[in-house]
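This briefing goes through one structure by topic. The sequence and the model come first, and the notes follow.

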Amino acid sequence: MTRFVDVPTMSRLVQDIGVAPFIGELSHAIEQDFVHWADFDKSARVANHSDIGVIELMPVSNAKSYAFKYVNGHPGNTAQGLYTVMAFGVLADVETGYPVLLSELTVATALRTCATSLMAARALARPDARRMALIGNGAQSEFQALAFHSHLGIEEIAVYDVDARATDKLVRNLSAWPSLKVVRARSTAEAVRGADIVTTVTADKAYATILTPGMIEPGMHINAVGGDCPGKTELHADVLRGARVFVEYEPQTRIEGDIQQLPKDFPVVDLWRVLAGTEAGRQHGGQVTVFDSVGFALEDYSTLRYVLDQATRRNMGVEVELVPWADDPKDLFRYTRAGASRTVMRRVA
């Protein structure tokens, strides 16, 4: 049987663990897998683009488990009452190919994205960072804010979005954490002024320049999350040229990240090498660092294995017959007759 974790189950799981502990534990799980980078069979995601969005499949595996995520990116969805990003994923046993987990990944993708941002910032930002600017206040923003506040010591966040309603929503949701000071800025430039860390998480599929060279200050760490597909950027090319740039999976980031603006020989550093201790991260306090984050399948693998572990421990989710039960592995035709299936669904919590 396959454990099925739907949105209500994921919601209960996050509440049971706690949002901040969930993010912290997931960040460490992702880091563990990044350190074992060489053990994984990796490839860039398969993307089908349209004029208004993209639908992608993201696979990765090691000797034990295979994972994939189905995910979209449609910035116009909010006008139709849908989320910009929606996702689900599967974790399977490599030895048999049997799917052991089918899970929602819309909520979990937001959690894994901020957990990855946190992982990178722990390695790259100045340890005395206390102020962050958050540009783009949509569905991902609260997760990013809580990751950096709860686990990196960020005490103040300046927030800005071209849609004031998005900022209203963010401020309202973050009011549950009174120890985090939230300051509404009137522009991107005002928000980033004096920031130790700048997180950009905008949604428009466009060659945007959210951050320009004049906004950058010595020692900043830039967490560039929103530029994640061809034709979609957030940073002026000169911001990248003036920084030490870190990537997840270089072949994918060259196509999808902010570095798509630059020549193929523009130097970047693999983040996994920094985490494994074989490559330097930040080289001095005044250096500007950029994490050109596009999202990589290994992060979803880590998320799926973490969710399976936590849901199993808490007996959450349901068991479904996603593939036929092989009472007679040579007879598949019997499933064309009534009563062949053992069960449809068995609730485990």
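Helices (H or I, at least four residues) and strands (E, at least two) are DSSP runs, numbered from the N terminus. In those terms, Gly97 sits in the loop between strand E5 (87–93) and strand E6 (99–104). The model is a predicted one.

**The open sheet**

- An open sheet is formed by eight strands, with parallel pairing, in the order E9-E8-E7-E10-E12-E16-E14-E15.
- At its edges are strand E9 (181–184) and strand E15 (269–270), each of which pairs on one side only.
- Strand E7 (residues 131–135) runs parallel to strand E10 (residues 197–200), and four bridges join the two.
- Within this pair, Ile197 in E10 is the residue that Met132 stands opposite.

**Helices on the sheet**

- Helix H3 (residues 106–124) packs on the sheet and touches strand E12 (221–224), strand E14 (244–247) and strand E16 (289–292).
- The direction of H3 makes about 155 degrees with that of E16.
- Helix H4 (residues 141–152) lies across E7, strand E8 (156–160), E10 and E12.
- Relative to E7, H4 runs at about 170 degrees.

**The H1–H2 pair**

- Helix H1 (residues 7–17) packs against helix H2 (residues 19–35) at an angle of about 95 degrees, and their axes are 6 Å apart.
- H1 is therefore roughly perpendicular to H2, because angles of 65 to 115 degrees are counted that way.
- On the H1 side the contact involves Leu13, Val14 and Ile17, which meet Val19, Pro21, Phe22 and Glu25 in H2.
- Sorted by class, this contact has six nonpolar residues, no polar ones and one charged residue.

**Nonpolar cores**

- In soluble globular proteins, nonpolar side chains tend to be buried together.
- Here the largest nonpolar core has 65 residues.
- The residues with the most contacts inside this core are Phe22, Ile23, Phe34, Phe148, Ile157 and Ile197.
- H3 supplies the largest share of the core, nine residues.
- Phe22 is in contact with Leu13, Val14, Ile17, Leu111, Tyr306 and Val307, leaving aside its neighbours within four places in sequence.
- Another core, of 28 residues, lies apart from the largest one; Ala158, Val239, Phe266 and Val290 are among its members.

- Strand E4 (residues 65–73) and E5 run antiparallel and are joined by seven bridges.
- Five of the seven residues of E5 are buried, so the strand is mostly covered.
- E5 and E6 form a hairpin with five residues between them.
- In the turn of this hairpin, Gly97 has a positive phi of about 80 degrees.
- Gly97 counts as partly exposed because its relative accessibility is 47%, and that class lies between 20% and 50%.
- Gly97 and Arg126 are 29 residues apart along the chain, and their C-alpha atoms are separated by 44 Å.

**Other single residues**

- Glu299 is found in helix H10.
- Glu299 is buried, because its relative accessible area is 1% and the cut-off is under 20%.
- Beyond its neighbours within four places in sequence, Glu299 is in contact with Ile30, Phe34, Arg112, Thr116 and Glu248.
- Asn315 lies in the loop between helix H10 (297–313) and strand E17 (318–320).
- Most residues other than glycine have a negative phi.
- The phi of Asn315 is near 55 degrees, a positive value in a residue other than glycine.
- With a relative accessible area of 41%, Asn315 is partly exposed.
- Pro218 has its place in the loop between strand E11 (207–211) and E12.
- Pro218 is exposed, with a relative accessible area of 69%.
- The contacts of Pro218 are with Arg126, Gly286 and Val288, leaving aside its neighbours within four places in sequence.
- From C-alpha to C-alpha, Pro218 and Val171 are 28 Å apart in space, and they are 47 residues apart in sequence.

Notes:
Residues are numbered from 1 along each chain as its sequence is written. This is a predicted model: local features need pLDDT of at least 70, side-chain atom pairs count only at pLDDT 80 or more; totals for chains, interfaces and linings use all residues. Side-chain values use heavy atoms; hydrogens and water are left out. Two strands pair if DSSP finds at least two bridges between them. Contact means heavy atoms within 4.5 Å. Axes are lines fitted to C-alpha atoms, for helices over the stretch in contact, and angles run from 0 to 180 degrees between N-to-C directions. Angles under 35 degrees count as roughly parallel, over 145 as roughly antiparallel, 65 to 115 as roughly perpendicular and the rest as oblique. Ala, Val, Leu, Ile, Met, Phe, Trp, Tyr, Cys and Pro count as nonpolar, Asp, Glu, Lys and Arg as charged, and the others, Gly among them, as polar. A nonpolar core is a set of buried Ala, Val, Leu, Ile, Met, Phe, Trp, Tyr and Cys residues joined through side-chain atoms within 4.5 Å. Buried means under 20% relative accessible area, exposed over 50%, partly exposed in between (1.4 Å probe, protein chains only).
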